[in-house]
Amino acid sequence: MNKQRIIIFMSLLLFIAGCSTSEESTASETSSSESSEENTNSEQAEEEEENESGAEEEEAEQLSSGSSTSTYSLSMKLQPLYANGDYEEALELIEESLEDHAEEPFLYNDKGFILIELGRPEEAREALEKSIELDDKMEAAYSNLAYALIDLGEYEEAMEAAQEAIDLNPNAPEQYVAMGNALSFLDEDEEALTYFEEALEIEPKADFALYGMGASLLYLDETEESIVYLEEYLKQHPEDVDALDMLVYAYELIEDYEEALEYADAVLEVDDEMHIIYNLDYKGILLTKNGQLDEAEELYEEMLEEHPLDKGIAYYGLAFIDIERGEIEEGLDHLEEAMDEDPSLIDYAVTDPLFEDVLDNERFIELAESYEDSYNEL
């Protein structure tokens with residue numbers, strides 16, 4: 001199974017925060033504008049006690065730094081947009097605010113977050129580096145930068161950014177997840193686990209850490225343990241396709257085909273139509289392995305009717321069913337039909353464990369040789 005992306009973007013209050021380092025704020029993260037407003041109110045009260053006449057000057061200074069009520073208002077506008085995934089509209093608001101507050105680091109941090117969500121990591125990197133340039137103590141910018149760098153495939157640099165975030169605030173779980181993600185992409189899953197575990201010690205129900213644990217354990221062949229974490233993650237995100245798909249694979253590995261089929265059906269309910277052939281084929285294979293040959297045959301027959309452009313895959317599945325029934329010649333007939341539709345399937349057939357029972361069959365060898373020549377000519 002190819003490694004899935006395990007970047008899980010945190011909720012607004014965790015991810016885009018310009019986090020405080022106090023014990024109280026680390027227990028429950030707040031947005032940068034909310035935290036800033038609270039600090040501003042406290043500072044204003046002290047200033048009024050010391051010098052009432054300086055209040056207007058202080059207010060003007062706050063406005064220029066983005067710590068004013070207008071900044072809080074912006075945060076309130078952004079939160080529902082983030083929650084609904086309206087990132088283009090959120091980006092417009094940030095860009096408008098930057099016209100008046102071009103030196104406000106939290107705006108560049110939010111801009112970077114939005115650009116990551118929009119699949120524009122290079123632009124996100126630029127915005128986040130600007131945020132850090134303006135305020136090198138903004139942990140959220142380092143954390144977001146780590147995710148942007150992971151998107152860009154620059155995992156070593158992502159680890160450096162994540163470490164900066166950890167150093168600034170060792171009590172925020174998302175920093176450890178960023179480090180774990182980068183390590184996982186470097187195939188350092190053993191070390192990645194230590195960071196996901198650290199995140200879960202801070203926040204036992206941190207969804208993004210549960211996912212990371214499940215994924216890394218699966219890649220390390222700790223299948224049953226990975227299932228525990230992935231299913232815990234699904235309690236919070238029951239329609240996450242990647243997690244569902246990994247659970248299909250995990251249960252297949254331990255040969256619990258009933259559970260694998262339940263998750264395969266869940267994938268079919270929520271996944272994009274563009275993946276329908278892969279998902280149907282996977283379900284057909286699981287049905288066959290579970291001995292439900294009639295159901296599998298019906299599924300592939302329906303594929304032939306409903307997805308005529310993918311007949312090769314359907315015939316390939318029917319060949320497997322025939323061979324499982326011991327009907328070798330019928331199976332080879334279907335395999336030949338599959339090769340007629342798509343000669344590239346020969347590459348799978350000669351290495352596929354599904355056909356290990358016929359690898360020495362003379363007709364299978366002849367088919368493989370003839371279609372391999374045809375495929376090479378293509």
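Author: A helix here is a DSSP run of H or I with at least four residues, and a strand is a run of E with at least two. By that rule, the protein chain of this predicted model comes to 22 helices and zero strands.

Reader: What makes T223 count as buried?

Author: Buried means under 20% relative accessible area, and because T223 has 10% relative accessibility, T223 counts as buried. T223 lies in helix α14, residues 223-236, and, leaving aside residues up to four places away in sequence, T223 touches L217, L218, A250, L253 and I254.

Reader: How many of the residues of the protein chain count as buried by that cut-off?

Author: Of its 378 residues, 50% count as buried. The chain exposes about 18,900 Å², of which carbon and sulfur atoms supply 42%.

Reader: How do you know what span to expect of helix α20?

Author: The expected span is 1.5 Å times one less than the number of residues. Helix α20, residues 328-341, has 14 residues, and from its first C-alpha to its last it reaches 20 Å, close to the 20 Å expected.

Reader: Which residues of α20 are buried, and where do they sit around the axis?

Author: The buried residues in α20 are G331, L332, H334, L335, A338 and M339. They cover an arc of only 160° around the axis, and therefore they lie on the same side of α20. An α-helix has 3.6 residues a turn, so residues three or four places apart point the same way.

Methods:
Residues are numbered from 1 along each chain as its sequence is written. This is a predicted model: local features need pLDDT of at least 70, side-chain atom pairs count only at pLDDT 80 or more; totals for chains, interfaces and linings use all residues. Side-chain values use heavy atoms; hydrogens and water are left out. Buried means under 20% relative accessible area, exposed over 50%, partly exposed in between (1.4 Å probe, protein chains only). The arc is that of the directions from the helix axis to the C-beta atoms. Contact means heavy atoms within 4.5 Å. Accessible areas come from the Shrake-Rupley method with a 1.4 Å probe; for residues, only the protein chains shown count as cover.
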